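Here is a friendly briefing on salt bridges and helix packing. Please have a look at the structure before reading on.

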Amino acid sequence: MKPGLAMLLCASLVLAACQREERDTRPQSSLGSGEQPTPVTTLEPGGGRPSPSDNKAAGFEANAFHLSEGKRLFGWFNCSGCHSNGGGGMGPALMDEKWVYGSSMESIHATIRDGRPNGMPAFRDKIPDDQIWELAAFVRSLSGKAPSSAAPSRNDDMMVHPSENRLPDAATLGKSP
Amino acid sequence: MASAMACVLFLQGCAGWQSALDPKGPAASELAWLIWFFTGLCAAVWVLVMIALAAPLVLRSRQRTEPLVLDAGADDRKFRVVVAALGVTALILIGLTLLSFFANRTLAAIGSDAALTIRVTGHQWWWEVRYENAQPNRILTTANEIHIPAGEPVRLIVTSTDVIHSFWIPSLAGKLDLIPGHMNVLDIEANKPGIYRGQCAEFCGAQHANMGTFIVAEPRPKFDAWLNEQLQPAAAPTSGEAKAGGDLFVKRPCVMCHRIGGTRAGGTVAPDLTHIASRQTLAAGTLTMSRGNLAAWIADPQGIKPGAHMPVVSLNGDELNAIVAYLEGLR
């Protein structure tokens, strides 16, 4: 290969590293948590709650920054108190393939925001909306539903399971279907 | 002359509340003396070497006129000069090593009988400060500002919860790393009352430069009074607006992370706000404490410290004013 071509190739490889994931740390403060309709009933097992698609979901579900912030908040807000690092205890396990109310971002967001029967408290007004989306994105990554290139890596402290970016997809247990 | 003036002006910047060249404690004095001695000795050696190198160039004209005549003693003289230089180098190195060793011993001995132990925990990007006490109800947790009694050794146990930080109060002591899952011990002492600024000295993320701290050294009675005051629960709001702010604080996301003693707010992942208005600064040395800065910080923390873990909380103008009025009263 000609040296000029090699240098050009090297330069383009180096410049490729300049592409950086966007971090939206300053959401529009006018965007409150009222974008989704408030549910009329609370007793709707089997994921019957209306969960219209929300255009915010896509911006959070595969974003490495938001996923790792979600992981931090999961620890800070003591979600482990019931969900035990995703393994489940008083609350359901989050790292298996079972989703009582569906696995969509919108559904998990609604769960955290409005609560669910049998113990899940509503965090409406207690967690800013964007942080609820971050938590929802992280919860999905616990069952392997986030790309491993974006899912959070190693914990800062000891952890009972491998980091989220090394967890197999719960539905297939890592095998091809 | 001009360069001497420039030098004096330059060295003026070395004084002040954050300078290792302006020591205010025994540890910093020891280190300052050591660095000046090292620098002086090394400078002297450098000057001597330069003179030795320049001398033959200057003296060349007086050399013998016939270069090819053999000088029987020359090799012998050169050998002796090299051996002497080697000997002096070895002596200087051994001397400096010993000086450094004894300085370290002096530093280690400073806090051996410290009466006060403070735990300093580094977070991205603030300092958690916990005053240890044998009585659990006298353990105090605060943030970013460390009060110590002047003239007494204080033992600091430093650690971190996220990444490696480094604790550095240049006027009082050398820097020491804060490592997750590991505790390091640093003993400090301030000779006289004063305020000394510190700075995280290990790159720890986007807001590393905005991770400052203050050491406030006070006479013992004043320090004890401060500690007793800080142990009290938060002041009850006086005005109607402040009262509304207190209610809002526990209703809105603030309560998830911050603690205010004596109220239902019990979060421990962010700075304790029980006596926030008594501190000199906000956001780890970034803003001075004032009503306007409090409002600015709450309204848009990400504009002041982008990447900090305090999110933008949606509050309307009245809510913001009420919360600021409440926090302003927490002295």
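R72(A) is partly exposed, with a relative accessible area of 23%. Its salt-bridge partner is E69(A), with 3.5 Å from N to O. The model is a predicted one, and a search of the whole structure finds 17 salt bridges over all chains.

**Salt bridge within a helix**
- E69(A) and R72(A) both belong to helix α3 (residues 64–76) of chain A, where they sit 3 residues apart, about one turn of the helix.
- E69(A) counts as buried, because its relative accessibility is 11%, under the 20% cut-off.

- R155(B) and D187(B) pair through their side chains at 2.9 Å, N to O.
- R155(B) is in strand β5 (residues 154–160) and D187(B) in strand β8 (residues 184–188), so this pair ties together parts that are 32 residues apart in sequence.
- D187(B) is buried at 11% relative accessibility, whereas R155(B) is partly exposed at 28%.
- R291(B) and E328(B) form another salt bridge, their closest N and O atoms being 3.3 Å apart.
- This pair links helix α7 (residues 291–299) with helix α9, across 37 residues.
- R291(B) is partly exposed at 33% relative accessibility, and E328(B) is partly exposed at 29%.

**A salt-bridge network**
- K56(A), D129(A) and D130(A) are joined into one network by salt bridges that share partners.

**Helix packing in chain B**
- Helix α5 (residues 240–251) packs against helix α9 (residues 317–328) at about 100°, with axes 7 Å apart.
- The two helices, α5(B) and α9(B), are therefore roughly perpendicular to each other.
- Residues making this contact include L248(B) and F249(B) of α5(B), and I323(B) and Y326(B) of α9(B).
- The contact residues divide into 9 nonpolar, 3 polar and 2 charged.

How values were computed
Residues numbered from 1 in each chain as written. Chains lettered and ligands numbered in written order. Predicted model: local features only at pLDDT ≥ 70, side-chain atom pairs only at ≥ 80, totals over all residues. Heavy atoms only, no water. Axes fitted to C-alpha atoms, helices over the stretch in contact; angles between N-to-C directions. Helix = DSSP H or I, 4+ residues; strand = E, 2+ residues; numbered from the N terminus. Parallel < 35°, antiparallel > 145°, perpendicular 65-115°, else oblique. Contact = heavy atoms within 4.5 Å. Nonpolar A, V, L, I, M, F, W, Y, C, P; charged D, E, K, R; others polar. Salt bridge = Lys/Arg side-chain N within 4 Å of Asp/Glu carboxyl O. Buried < 20%, exposed > 50% of the residue type's maximum accessible area, 1.4 Å probe, protein only.
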